[in-house]
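Work through the exercises below with the structure open. Each task is followed by a solution in steps.

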Amino acid sequence: MLDTQSCLPGQNDPLPEGRIVLAPMEGVIDAAMRRMLTGLGGYSRCVTEFIRVTDVLLPERVFLRLCPELATGGRTVHGVPVYTQLLGSNAQALALNARRAVALGAPGVDLNFGCPAKTVNNSLGGSILLKYPSRVADIVTAVRDAVPSQIPVTAKIRLGYDNCQALPEIVEGIRRAGATELAIHARTRFDGYKPPAWWSRVAAVVRPGDDRTCINGEIWDVADSILARRASGCRHVMLGRGALAAPDLARRIRAQAAGIESPETLSWLELSQFVELQFLRSDSQSPKHVGNRTKQWLAYLKRSYPQAADLFGRLRTLHDVSPIIAAFAEHRRHLANCDHPQDFFCRADF
Ligand SMILES: Cc1cc2nc3c(=O)[nH]c(=O)nc-3n(C[C@H](O)[C@H](O)[C@H](O)COP(=O)(O)O)c2cc1C
């Protein structure tokens, strides 16, 4: 049960339009996914998967591999900016790498203070830094100072490591260090990804009129986006797994916020073609992990589209390109037999 059930949105009660940010998701949201999702509309910004920084300046190819959009002005083909996400604990090394990302064309730099992975935390990266608010602030200061003032530096945190006590100190430090925007995943590291997300706990650090804080966690539909903003006091939302489960969620949130009729929900027939396109553009290109991103995406799609289970079942045990392509074709035949009269089409513009 969410902690915000008491404030259900009224029908004629659109909240002011804010930014909608596509959350970074390691292993799922790569350039092909960013292209697809921003093509469906609604997003103000995306973030790359994280670039792990130890104590060296990384070669340019690392940035270009994780953010191929750097070659096209740091934007997806649909014009949405892609910030480069850095993860690490060495402030000077992070600053140097941030400068390199910007020199390569990154329109912004995002700092990861939320990753719960043990391997990352053991080397003092991600959410473990939330135990040390002054180190978080020092990192933001170093990165802010290293890149031109017009380049946004954003940070992403959780409520804390194992409790929320340090949240005000962490947030105050990040703001004083000059971060342009802060996304708060409304759970501690201890909470992991377990529902609920404690949106109302974010309200303690959001002042009236705040335009620099973004609420994140458990936003699966338009109603959640309203509840999350209202409970947290944030104007902006960041969508993670909800964007995977419902790829047109951002444009539906936008429509609601603008008080206009929501575009029709994507049909599974359309969406299954996007999934195939995503496989061809992304997963079929990485020999070691063929199909992994597609399978992860399908696992989330099952939440909104029961038909995704059929495709997921066909792909689950496959690890090579040709059988996967054949499985997509079988699924298409299965859909045709299930009374879907439309022709298959390929949306190359996505
Ligand atoms: C598979 C996966 C990978 C993620 N990778 C990152 C990451 O690289 N950087 C980061 O800051 N957060 C990462 N996150 C956290 C999400 O950005 C987001 O904060 C979290 O999923 C909560 O939002 P949601 O409930 O809308 O999914 C990841 C989450 C998932 C599920």
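On a 1 Å grid over the protein atoms alone, a pocket is an open set of points where a 1.4 Å probe fits, with protein on both sides within 12 Å along at least five of seven lines; lining residues have an atom within 4 Å of a point. A molecule sits in a pocket if more than half of its atoms lie within 2 Å of its grid points. The model is predicted, so local features need pLDDT of at least 70 and side-chain atom pairs pLDDT 80 or more, while totals for chains, interfaces and linings use all residues. Residues are numbered from 1 along each chain as its sequence is written, and side-chain values use heavy atoms, without hydrogens and water.

**Exercise 1.** State which pocket the ligand takes up.

Solution. Step 1: the space taken by the ligand is the largest pocket. Step 2: the volume of this pocket, that is, the space filled by probe spheres set on the points, is about 540 Å³. Step 3: 29 residues line the largest pocket, and P24, M25, E26, K156 and Y193 are the closest to its centre.

**Exercise 2.** Find polar contacts (pairs of N or O atoms within 3.5 Å) of the ligand.

Solution. Step 1: a polar backbone atom of P24 is 2.8 Å from an oxygen atom of the ligand. Step 2: the side chain of Q85 has an N or O atom 2.7 Å from a ligand nitrogen atom. Step 3: for K156, a side-chain N or O atom is 2.8 Å from an oxygen atom of the ligand.

Note on methods
Polar contact = N/O pair within 3.5 Å; in protein donor to acceptor, adjacent residues only side chain to side chain.
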